[in-house]
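Here is my note on the structure you asked about. Please keep the model open while you read.

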Amino acid sequence: MNIFEQMLSRYVVKTNDDLLNAQHEVMQQIVLAGLYRGGFFNKAAFYGGTCLRIFYGVQRFSEDLDFSLLAKDSDFQLEDYFEAIYLEFKAFGREIIITKKEKKTQTNIESAFLKDDTSVYNLQFSTERSIKIKIEVDINPPAGFNSEYKLLLLPFSFMARCYALPDLYAGKIHALLFRSWKNRVKGRDWYDFEWYVRNSTPLNLKHFHQRALQSEIDFREDFSPEVLRKMLKEKIQSTNIEMVKNDVRPFIKSPGELEIWSTDYFIQLVDLINM
């Protein structure tokens, strides 16, 4: 059994969703290992839902890899780290393809984490094209976040620089409020929100404010915890909770935990935010 198979063997696979989630997560961890070998974490930090899943233990799978430079660098090129990622997968007998995704339109905000100054890449196995990971790097990060090094034991022991939890939380709240998904909702954002509240994670309100200002969000009144709670409750009132449940269901092991989800449930969670 090679390392790739060993890593897959840690997962309980009963359905096609289980297998796809496990393959995605193993690929994500190998990408992180390659970036570590290439020195990427000297310049950047890992954040987003996959970071929360791999390093902080949230019980739902994630698809994309989101990174932020530690400081603005318009000359940064993720391509400089491609060789390290290729070599890491090659060591496990897997060939990959990395392509840069060109934006069709230029807007100030396409999503919570996709801006004009965010580079986007797709990584695929050369054989199984259905297994794809989107990699985003914010080269003009908002100010006011902290990072810490977190340990991963496979495919070997290494440290990845990650956003601290209060700053991850701020990014998630920003995504809940401002992510642009047209007619879709991202239930995984709401799942993570519930996790943060349940764990009494402190929210870095200043970092959220910096993200919102960078997104050109115009606050009509002085920003405060009360203003944020009001914004979240208005968002919840306009969100289809059944669509939220349908989106997150393939990424979790126990769909029964969604039974309590309702508009009133999430509104009550807002009152419990630690900030």
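1. Confidence. This is a predicted model. The protein chain averages a pLDDT of 87, and 89% of the residues score at least 70. Residues 105-117 need care: pLDDT stays under 50 there. The model still has 37 contacts for this stretch beyond four places in sequence. Where pLDDT is low, the predicted coordinates should not be read in detail.

2. Salt bridges across the chain. A search of the whole structure finds 12 salt bridges. One of them pairs R37 with E88, with the closest N and O atoms 2.6 Å apart. The pair links distant parts of the chain: R37 is in helix α2 and E88 in helix α4, 51 residues apart. Are the two partners buried or exposed? R37 is exposed, at 53% relative accessible area. E88 is buried, at 5%.

3. A buried pair. K172 forms a salt bridge with D192, and the closest N and O atoms are 3.2 Å apart. Here too, distant parts of the chain are linked: K172 sits in helix α5 and D192 in helix α6, 20 residues apart. K172 is buried, with a relative accessible area of 5%. D192 is also buried, at 0%.

4. E242 and K245 form a salt bridge, with the closest N and O atoms 3.5 Å apart. Both lie in helix α9, three residues apart, or about one turn of the helix. E242 is partly exposed at 45% relative accessibility. K245 is buried at 10%. Elsewhere, salt bridges that share partners join R60, K172, D189 and D192 into one network.

5. R53. This residue is found in helix α3, residues 49-56. R53 counts as buried because its relative accessible area is 15%, and buried means under 20%. Its side chain makes a polar contact of 2.7 Å with the side chain of E25. Beyond four places in sequence, the contacts of R53 include Y11, V58 and F61.

6. Backbone details. The peptide bond from L154 to P155 is cis, with omega near 10 degrees. P155 is in the loop between β6 and β7. S200 is a residue other than glycine, yet its phi is positive, near 50 degrees. S200 lies in the loop between α6 and α7 and is partly exposed at 48% relative accessibility.

7. Surface patch. Which residues form a nonpolar patch on the surface? They are Y149, L151, L153 and M159, with about 410 Å² of accessible area together. L151 is in strand β6 and is partly exposed at 49% relative accessibility.

Methods: Residues are numbered from 1 along each chain as its sequence is written. This is a predicted model: local features need pLDDT of at least 70, side-chain atom pairs count only at pLDDT 80 or more; totals for chains, interfaces and linings use all residues. Side-chain values use heavy atoms; hydrogens and water are left out. pLDDT is the predictor's confidence in each residue, from 0 to 100. Contact means heavy atoms within 4.5 Å. Helices (H or I, at least four residues) and strands (E, at least two) are DSSP runs, numbered from the N terminus. Buried means under 20% relative accessible area, exposed over 50%, partly exposed in between (1.4 Å probe, protein chains only). A polar contact is a pair of N or O atoms within 3.5 Å; within protein, one must be able to donate a hydrogen and the other to accept it, and residues adjacent in sequence count only if both atoms are side-chain atoms. Patches are made of residues with over 30% relative accessible area and no salt bridge: like charges are joined within 9 Å, nonpolar side chains (Val, Leu, Ile, Met, Phe, Trp, Tyr) within 5 Å. Accessible areas come from the Shrake-Rupley method with a 1.4 Å probe; for residues, only the protein chains shown count as cover. A salt bridge is a side-chain nitrogen of Lys or Arg within 4 Å of a carboxyl oxygen of Asp or Glu.
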